[in-house]
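Me: Hi! I'm new to this one, could you walk me through it?
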Amino acid sequence: MRNDFKEVFNLINNSKKICIAGHKSPDGDCIGSVMALYNFLKAMDKDLTVLLDGEIPFNFKAFVNEEVIAEKYQEEFDLMFILDCSDSKRLGKYEPAMKQANKTVVIDHHKTNEGFGDINIIDAEMSSTGELLYNLLKSSGMTLSKEIAQFIYIAILTDTGKFSYSSTTSKTHIIAADLINLGVNIAEIDNIVYNSKPANVMKAFIDCISSMELYYGNKFSLTSITKDILDKNKVKMGDVDGVAEFLRGINEVEVSCVLKEEDEFTKVSLRSKNKLDVSSISAKFGGGGHAKAAGFEIKDNVENIKKLLLKELKEYFK
Ligand code: 5GP
Ligand code: MN
């Protein structure tokens, strides 16, 4: 077993109160990884606290028992796992929980992650935190339950864009094969995760797409998810997913962008098709991510952020 994996299992064996946290506005990789680790540690009879800042999107609710997600925490933790977070800010309102933990273990696959835990299992070659977690859990020699396998599959499926992004390797597929052998029903998961949009969510998605703007010879596409769109369709921000990926689907588009209007800030999602590394642009503004999918948030309105981005990208598209 790898030394850092050994260290993690030593810590688990010597800990009772364990916290498992993921990033703010949790996505499939975050939810899948957090819940897979939850089920693994539950079977070891640990006293667990799950912290996730933000709602579980509608298309993951069928898999998650939301009762296990804590609303608040008071205790000290022997150990805290932080999953799929490239920096501590990504924990959102649960960032202070790190101070309550005797030891912290960061498990992540973002190349902008500098390692902010006591133990850092970071591998930017991994397609997803789920794939990295699979390698960790498998190294224990224990059999993974069907439920754990299902959560890991969801994590990998969603973060690889259904096994299509360049981060997907033959190893990713071998892992998926093992998960299927453990009982994962891939067609059922696909239907729940991708084919279950309520009509109002689909309408909000269409509103976002239809207000798309194109710049720099159609190489840059941009739209926003405004409060107006959310209110009009009665949907929550976290439920409108895949807009940036959809805008990247235009032939000439190199980079797509979605501006999400939040209460006091704007959340930016960037997607790149080929060369431009959007994680370095995001890092400039205090965010991070991957070369082809990254983001950041700024305390300013959508219009101003749009101007800022157009200026930032002008050089690149010139
Ligand atoms: P999304 O655009 O789907 O929110 O995120 C795309 C990728 O960028 C994800 O891997 C996510 O973790 C990362 N990312 C998004 N927003 C932020 C941010 O504010 N800070 C950092 N460090 N990473 C982010
Ligand atoms: Mn991820």
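Here is a short chat about the ligand site and a sheet in this predicted model.

Me: How many residues surround ligand 1, and which are the closest?
Reply: There are 16 residues around ligand 1, and the closest are S86, H110, K267, S269 and R271.

Me: Which side chains have an N or O atom 3.2 Å, 3.0 Å or 2.6 Å from an oxygen atom of the ligand?
Reply: For R90, the distance from a side-chain N or O atom to an oxygen of ligand 1 is 3.2 Å. For K267 it is 3.0 Å, and for S269 it is 2.6 Å.

Me: And how much of ligand 1 does the protein cover?
Reply: On its own, ligand 1 has 490 Å² of accessible area, and the protein covers 87% of that.

Me: What is the shell made of, by class?
Reply: The shell around ligand 1 has eight polar, five charged and three nonpolar residues.

Me: Which strand gives the most to that shell?
Reply: That's β11, with five residues. At least two residues each come from β9 (266-272), β10 (288-289) and β11 (293-298). Domain 1 (2-193) and domain 2 (199-317) each supply at least three residues of the shell.

Me: Switching topic: what order do the strands of the open sheet have?
Reply: The five strands run β2-β1-β3-β4-β5, with parallel pairing. At the edges are β2 (47-51) and β5 (119-122), each pairing on one side only. From one strand to the next, the twist averages 15 degrees.

Me: How many bridges join β3 to β4?
Reply: Six bridges link β3 (residues 77-83) with β4 (residues 101-108), and the two strands run parallel. One pair of bridge partners is I82 and V106, the latter in β4.

Terms used
Residues numbered from 1 in each chain as written. Chains lettered and ligands numbered in written order. Predicted model: local features only at pLDDT ≥ 70, side-chain atom pairs only at ≥ 80, totals over all residues. Heavy atoms only, no water. Near = heavy atom within 4 Å. Polar contact = N/O pair within 3.5 Å; in protein donor to acceptor, adjacent residues only side chain to side chain. Areas by Shrake-Rupley, 256 points an atom, 1.4 Å probe, with all protein chains shown as cover. Helix = DSSP H or I, 4+ residues; strand = E, 2+ residues; numbered from the N terminus. Nonpolar A, V, L, I, M, F, W, Y, C, P; charged D, E, K, R; others polar. Domains from an automatic or database assignment. Pairing = 2+ DSSP bridges. Axes fitted to C-alpha atoms, helices over the stretch in contact; angles between N-to-C directions.
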